[in-house]
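Please take a moment with the sequence and the model below before reading on.

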Amino acid sequence: MSDSGTTPAGPGHTDRAFEQELHTVRGALLRMAGHVEHMIGRAGQALVQRDGALARDVIEEDQEVNRAEVEIDELCLRILAKRQPMASDLRFVTLAMKMVTDLERIADLAVNICERAVDLVDSKVVVHAEIPAMCSAVENMVHQAIEAFVNRDVAKARAVIDGDDVVDDYYHRIFEDLLGRMHAEPAQLHQWIHVQSVAKWLERMGDHSTNLAELVIFMVEGRDVRHPRLHGGKPPS
Amino acid sequence: MTTLVPKLRVEDLCAWYGERQILDRISFDVPAQRITAIIGPSGCGKSTFIRCINRMHELVSDARVQGQVQLDGEDVYDRHVALEQLRRRIGMVFQKANPFPMSIRDNVLAGLRLTAESPVRDDEAVEPALRSVALWDEVRDRLNHRAETLSVGQQQRLCIARALALQPEVLLMDEPCGSLDPIATARVEDLLGDLRERFTIVLVTHNMQQAARVSDRTGFFLGGQLVEFDDTDVIFTQPGDRRTEDYITGKFG
């Protein structure tokens, strides 16, 4: 059985070095995703608990993600140049290159949250009560998208895409609520804007997780589910 | 798969060498003025297949064919078909450049002299054929030199010119770049891009990247059967059959 993640069954590649290269990309991608998940959870924790040291740890962890992005891109470029992969292998390699971009962007957004966490360490402002739940929802989306990738599970990938609506709802509720607070307590406007930014970044993380799930569907089915209107489908509600 | 006008229609084609069946009920249409690539592992029947199209297969003593190959709707195996005319309409280029032991000019004219009904005027045939394969500028000053003095890549283009001089409608190419270096291969592939507009080309190749680069349609042969035939873009990105997928991704377990 192929261990590359490109095929669910059947023989592996006859060229074992190629098989090993695909295996290496897959492993590096999973390790990178693990770091990103870890960063999201701890970023939310640092913000809510006003833990500056934890926030700085998360910012430091971003270096691991950046290193992984460069490493995976190099591996994939080398495979494209040397192996000229076809069909599912080609989809896997190009998907890996796109996934690292989304994962790296999620990590950057976690860093943004941590920078705000550091800014708010001494602030009296109360972080919105729904931020931790929103944070968990996003962390779960990334986790499920990666699980869908590992298990080639299209149903799970679709669940991630649907889950983005939940994250969007969180964002809209938090935004409306913060707007009311900004009117009521204009003196705290600066801090409320920080909190609103955090909600916005979490919402963006949800979008990047959706991208990951769409890429998994492309890898498994070879079908592009991004932008349904381009294929004559209904626009998202 | 987009609909295209067929030049060749193959129906239930079977071929044997003695008792050994090489092709098993091959059916598909070869579109006109397009490049159709045939890929598959050694022994899958792809060379036998194109040798059935111009009836070269039957030149082997114990070879046998069943089924139909239609050229513009007419069965090439019909007993009224004149083989000489058929092979003039369906030219062929082989893996190994095989120039005749004569001058460059005479090589281009060899086929014409054998088949022409009236005397051949050299100037009308030689230059256009050599220009078609981008060889004219390289050899115009030494048309009387022997063909063996050319590089292998030039010899192969000369062989293509020899086939084109007969103004065929279909060009069968059996691994035409099989013995060429990457530069000579690039020249032939570039040439194929130009020829596509004027001829119907069937290209047998072991080189999958070449099939992906130059062809419009691709057929995958395995064990004498046609596993899959589709637009080349589909075959190399999202083939419909698992066996095609395994072959093009290099899984031969």
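Two residues are taken to be in contact if their C-beta atoms, placed from the backbone, lie within 7 Å. In this predicted model, and leaving aside neighbours within four places in sequence, Ala145(A) is in contact with Ala157(A), Val160(A), Ser209(A), Leu212(A), Ala213(A) and Val216(A).

In chain B, the axes of helix α3 (residues 104–115) and helix α4 (residues 122–132) come within 10 Å and cross at roughly 110 degrees. Angles of 65 to 115 degrees count as roughly perpendicular, and α3(B) and α4(B) are therefore roughly perpendicular to each other. On the side of α3(B) the contact is made by Arg105(B), Val108(B), Leu109(B) and Leu112(B), while α4(B) supplies Asp122(B), Ala125(B), Val126(B), Ala129(B) and Leu130(B).

Turning to the two chains, the contact between them draws on 14 residues from chain A and 15 residues from chain B. Helix α3 (residues 87–119) of chain A gives the most to the side of chain A that touches chain B, contributing four residues. The residues on that side of chain A divide into five nonpolar, seven polar and two charged.

Technical notes:
Residues are numbered from 1 along each chain as its sequence is written. Chains are lettered from A and ligands numbered from 1 in the order in which they are written. This is a predicted model: local features need pLDDT of at least 70, side-chain atom pairs count only at pLDDT 80 or more; totals for chains, interfaces and linings use all residues. Helices (H or I, at least four residues) and strands (E, at least two) are DSSP runs, numbered from the N terminus. Ala, Val, Leu, Ile, Met, Phe, Trp, Tyr, Cys and Pro count as nonpolar, Asp, Glu, Lys and Arg as charged, and the others, Gly among them, as polar. Axes are lines fitted to C-alpha atoms, for helices over the stretch in contact, and angles run from 0 to 180 degrees between N-to-C directions. Angles under 35 degrees count as roughly parallel, over 145 as roughly antiparallel, 65 to 115 as roughly perpendicular and the rest as oblique.
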